[in-house]
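Here are my notes on the model you sent over.

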Amino acid sequence: AHLFARDKGGNAAFLFALAIIPIALIVGFAVDYGRAITVRGTLSDAADSAGLAIGSWVGLTETELKEKAQQFFDANYASSLSSDIKSEFKVSFVGDEIVVNASASVPTTFLRLANHNHLDVSISNAITKRQRNVELALVLDTTGSMRRDGKMDALKQAANAMVDDLFGNETTSDTLDVAVVPFAAAVNVGTDKRNELWLDVDAKSQVAQEDFGAGKQFNFFNKLKSVKSSWDWQGCVRERAGSAYELSDATPSTAQPDSLFAPYFAPDEPDRYADYGSTQHNNDYIYDGLDGNECGVDDSMSWRRTAERCQKYRGKHNDARRTDAGSGPNQHCPPRAITALSNVKGTVTSAINGLEPNGYTVIPAGLLWGWRVLTPSAPFTEGKVFNDKKRVKAIVLLTDGSNDVGAMSNGHN
């Protein structure tokens, strides 16, 4: 007995026997806790996916959104981890935030020895719906071909559907601005822009001088509207020339004449008798001058009345007399003007529903003005700066075909 009391040979086994229970608990805790962490990660991923999915969904009620969120959560939550892991998922809406809450009860294995039958895990995340503001230009084809086969109705339906999706249930948005840019052979900026400094009313640019020489454009229009009221300027402009301005949104400046926009003017084309060798003129709307002095040429030299000379002859505007042919100086100018960026849904839908198909197709003109309505500088100044990281600028083009400038067969248009 004395020797047994002094014998230390079995101490290690005795100490190990005493330590086995806490060691098992520690190892078991690590295993069970690791499993709980895995479940929590899967839970968080599934909840976030559901919140992000419905965050981009518009036009649904909160009840419908909650149902969609539950479907996304169920599809992404890996319940295969274990069928005995019970989970719960809830969605709530607080202002512009979608709050997702998820929880699960993870059964334990080893921790049952310490009377802990399950570990509870939960997550709560908020997703802000208003991530970025949007400035959108709808560039819409209103050319003559759109009146066929229900194309214009289809365009209006598509554009209105997009507006409905973007505005959702709101009539006024603090995160969305939409512009409507109708185009045909040109773009109409609106007759209310008549006195803007960026409009080349003095024919200083090379583009304006093609039509008006050194004259003032509105002097021509004033003379013509005395013949027919609709022959006043209807708001269309020509595109600029020169590499610095032709395909750019460069800000117009009176110091740089070619940066200005010339009023759109479809010139009167020659009377039939004036053009030797050709008999067709699409837009002959006033006579080429007084009888016996047409095109500024006396009858004795009538052979000089060429198409080019008669079309350029400005004297015919001084005592303009209307013919029975031709559309006038606004030929192919779309009647509907640009609707600048607006956050009011009714303003946008009204502009879309009022579109009228007419004229030929110049798609680049529409795209350029879609770009310009998004630019913060003139001609339209409603757009915000381009380097705003919280803002997205976008153009959506709806058209049925390719460019068609409608040149006639007489070689002079």
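The points below start with the overall picture and then go through the disulfides, the sheet, the strands and the rings.

1. Overall picture. Keep in mind that this is a predicted model. The protein comes to 9 helices and 9 strands. It has 413 residues, and 40% of them count as buried. If you take the contacts with a separation of 6 or more, 71% come from residues 24 or more positions apart.

2. How many disulfides are there? The count comes to 2. With the bonded cysteines numbered in sequence order, the pairing reads 1-4, 2-3.

3. Cys236 and Cys333. The sulfur atoms of Cys236 and Cys333 sit 2.0 Å apart, and the two form a disulfide. This link is right-handed, with 90° about the S-S bond. Cys236 belongs to strand β7 (residues 236-237), while Cys333 is in the loop between α7 (307-312) and β8 (339-342), so the bond ties together parts that are 97 residues apart in sequence. Is the pair buried or exposed? Taking under 20% relative accessible area as buried, Cys236 qualifies because its value is 0%, and Cys333 qualifies with 9%.

4. Cys295 and Cys310. Here too a disulfide is found, with an S to S distance of 2.0 Å. The link of Cys295 and Cys310 is right-handed, at 100° about the S-S bond. Cys295 comes from the loop between β7 and α7 and Cys310 from helix α7 itself, so this pair ties together parts 15 residues apart in sequence. Both Cys295 and Cys310 are buried.

5. The three-stranded sheet. Strands β1, β2 and β3 make an open sheet in the order β1-β2-β3, paired antiparallel. Which strands stand at the edges? They are β1 (86-94) and β3 (118-128); each has a single partner strand, so one side of each is left without a neighbour in the sheet. From one strand to the next the twist averages 10°.

6. β1 and β2 (residues 97-107) run antiparallel and are joined by 9 bridges. If you want a spot to look at, Phe89 stands opposite Ala102 in β2. Helix α3 (residues 62-76) packs on the sheet and touches β1 and β2. The direction of α3 makes about 145° with that of β1.

7. Strands β4 and β5. These two run parallel, with 8 bridges between them. Val139 stands opposite Val181 in β5. How enclosed is β5 (residues 176-183)? Of its 8 residues, 7 are buried, so the strand is largely enclosed by the rest of the structure.

8. Glu135. I'd have a look at this residue, which is placed in strand β4 (residues 133-141). Glu135 has 1% relative accessibility, so it counts as buried. What does its side chain meet? There is a polar contact between the side chains of Glu135 and Lys393, at 2.4 Å. Leaving out residues up to four places away in sequence, Glu135 touches a list of residues that includes Asp177, Leu341, Leu374, Glu382, Arg391 and Lys393.

9. Aromatic pairs. The count comes to 9 aromatic pairs. In one of them, Phe221 with Phe265, the ring centres are 5.4 Å apart and the planes stand at 85°, so the pair is edge-to-face.

10. The ring cluster. Which rings does the pairing link into a cluster? They are Phe218, Phe220, Phe221, Trp233 and Phe265. Two of these have their burial listed here: Phe221 is buried, with a relative accessible area of 0%, and Phe265 is buried as well, at 6%.

Terms used: Residues numbered from 1 in each chain as written. Predicted model: local features only at pLDDT ≥ 70, side-chain atom pairs only at ≥ 80, totals over all residues. Heavy atoms only, no water. Disulfide = S-S within 2.5 Å. Helix = DSSP H or I, 4+ residues; strand = E, 2+ residues; numbered from the N terminus. Buried < 20%, exposed > 50% of the residue type's maximum accessible area, 1.4 Å probe, protein only. Pairing = 2+ DSSP bridges. Axes fitted to C-alpha atoms, helices over the stretch in contact; angles between N-to-C directions. Contact = heavy atoms within 4.5 Å. Polar contact = N/O pair within 3.5 Å; in protein donor to acceptor, adjacent residues only side chain to side chain. Phe/Tyr/Trp six-rings, centres within 6.5 Å; stacked < 30°, edge-to-face > 60°.
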